[in-house]
Amino acid sequence: MAPLKILICGGGCAGPSLALWLARAGHHVTVVERFPALRASGAQIDIRAQGIEVVKRMGLIDVVRSNVVDEAGMSFVDKHNNTKATILANKSGKGAQTATSEFEIMRGDLVRILYDATKDNVSYIFGVTVERFEQDEDHVEVHFSDGRTDTFDLLVGADGQGSRIRKAIMSPDAPEPYRRLGLYTFYWFVPRIEMDTNLAKVYHAPGGRIVMSRSHNPTESQVYCAFLDESEETRSIPKGSVEKQKEFLTQKFSGAGWQTDRFLEGLKTTDNFYCQEVVQVKIDSWYKNRVVLLGDAGYCPSPVTGMGTTAGLVGAYVLAGEINRNSDDLPQAFENYDKTLRPFIDEIQVFNKGALRYIYPQTEWGISILHFVVGAICFLRIPELVARFSSEERGGWKLPDYQTAVQDQ
Ligand SMILES: Cc1cc2nc3c(=O)[nH]c(=O)nc-3n(C[C@H](O)[C@H](O)[C@H](O)COP(=O)(O)OP(=O)(O)OC[C@H]3O[C@@H](n4cnc5c(N)ncnc54)[C@H](O)[C@@H]3O)c2cc1C
């Protein structure tokens, strides 16, 4: 197999995962990341289902395990911090994960682990993006934002849910790639205090608002604020300045109760703040000739499914496997990638948007009903029992075996 010259646009979770497999198979891989340095930021993400097996095959499970966040489970609290229900993590090593995965990890730690595992064999260029590209049957000619031009055998768009590579390969009259859930999340870090334990805490405020906190180290806690809103006006907030986002958030959550005022005070000084509209990316095809999409760029399942990172890891494994099997016929490799992975993505993207109005009640009465229902379910230990007797593998989809093409460590 002749080595290929491959460009990956996006140095988040999915891009470097793909780079690891491709470099291991002897290809020449370059990753360009728009951010001026490794973007090792973000809050807690989780690795689940078939993604755990992929990390094992990458040979990274021990380093991932040594970086996981010690989270015992998730409690629902009222405005006086009284616990209404608790769903414990399933750390038995058997069955399925609950809301708290056995592999909760800070996004920054996972990004750093993937970078460290690849930096000696992959060329990383920070502060640079793909301005535009042209492709013919054999090559992709890429024009970079720093003025350089280079030619590659293939280009991978791993540039996240707002992917510019995706925009460039979609036909102008294609339907919008987003399934909008009318949901927004904001998160940031605040100083940890004694009441921030190793249980994630979820607080519901009227008006379809949720505030959650969880702690990942002795000095910091993460805060998440999420709310339902279908208005056009709110859709522009994630694209605006950080000042405007913070102002909007403060107005929206001021006086919401529980620990919200402490969290909003911490918002003023945090340097780890991120906001996004929660969407799913759904498109009919993940490639065009020699350009292919990976991770959130092609099939973001959204944070509500807890499967975004897993989709990126599994997608990278399948894409690398198919490229290695068909390195002299890339359109065939991409067709196989789409055909093989799509049933898994279809399965993890299943999400009932209508359920959100029960999870985000508008009134105090709705919140009381939610607490009663979740309390009863947890009292009967249903989440733990369901997890114990379910399989972690999603949808019966089997991870393909690429061992002939991609070496296990
Ligand atoms: C800063 C940040 C924080 C996040 N925090 C969370 C979180 O707390 N919880 C959660 O569930 N998910 C979070 N996510 C999303 C989560 O990381 C992904 O859903 C998942 O890991 C799939 O990874 P991905 O590599 O496909 O996308 P991402 O992890 O989003 O990575 C995409 C990468 O591409 C880069 N990029 C974007 N545009 C360009 C461009 N034009 N040229 C070059 N590079 C580009 C981005 O800077 C980023 O490094 C976050 C993403 C980012 C970027």
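So, the contact between the two domains: 27 residues of domain 1 touch 23 residues of domain 2. On the domain 1 side, the elements that put in two or more residues are α1, α9 (296-299), α10 and α11 (330-348). If you sort the residues on that side by type, you get 14 nonpolar, nine polar and four charged. Keep in mind that this is a predicted model.

Where do the domain bounds fall? The assignment gives domain 1 as 5-44 + 109-176 + 283-348, and domain 2 as 69-102 + 179-281 + 353-409. Going by C-alpha atoms, the centres of domain 1 and domain 2 are 28 Å apart.

Okay, on to the core. The largest nonpolar core has 109 residues. Which of its residues have the most contacts inside it? Those are Ile-8, Leu-18, Leu-22, Leu-155, Val-156, Val-292 and Leu-294. Helix α10 gives the largest share of this core, nine residues. And the core lies between domain 1 and domain 2, because both of them give residues to it. As background, nonpolar side chains tend to be buried together in soluble globular proteins.

Let's take one of those core residues, Val-156. Skip its neighbours within four places in sequence, and Val-156 is in contact with Ile-6, Leu-7, Ile-8, Cys-9, Leu-18, Val-292 and Leu-294. Notice that Ile-8, Leu-18, Val-292 and Leu-294 are also on the list of residues with the most contacts in the core.

Now the ligand. It has 30 residues around it, and the closest are Gly-10, Gly-12, Gly-42, Gly-295 and Gly-308. What is the shell made of? By type, it divides into 11 nonpolar, 12 polar and seven charged residues. The elements that each supply at least two shell residues are α1 (14-24), β2 (28-33) and α10 (308-325). And here's α10 again: three residues of the shell come from it, the largest share.

Last stop, helix α4, residues 107-118. Its 12 residues reach 17 Å from first C-alpha to last, close to the 16 Å expected at 1.5 Å a residue. Which α4 residues are buried? Those would be Asp-109, Leu-110, Val-111, Ile-113, Leu-114, Tyr-115, Ala-117 and Thr-118. The buried residues of α4 pack against α1, β3 (44-46), α3 (61-65) and β6 (104-106).

Notes:
Residues numbered from 1 in each chain as written. Predicted model: local features only at pLDDT ≥ 70, side-chain atom pairs only at ≥ 80, totals over all residues. Near = placed C-beta within 6 Å. Helix = DSSP H or I, 4+ residues; strand = E, 2+ residues; numbered from the N terminus. Nonpolar A, V, L, I, M, F, W, Y, C, P; charged D, E, K, R; others polar. Core = buried A, V, L, I, M, F, W, Y, C linked by C-beta atoms within 7 Å. Buried ≥ 20, exposed ≤ 12 C-beta atoms within 10 Å, placed from the backbone. Domains from an automatic or database assignment. Contact = placed C-beta atoms within 7 Å. Expected span 1.5 Å × (residues − 1).
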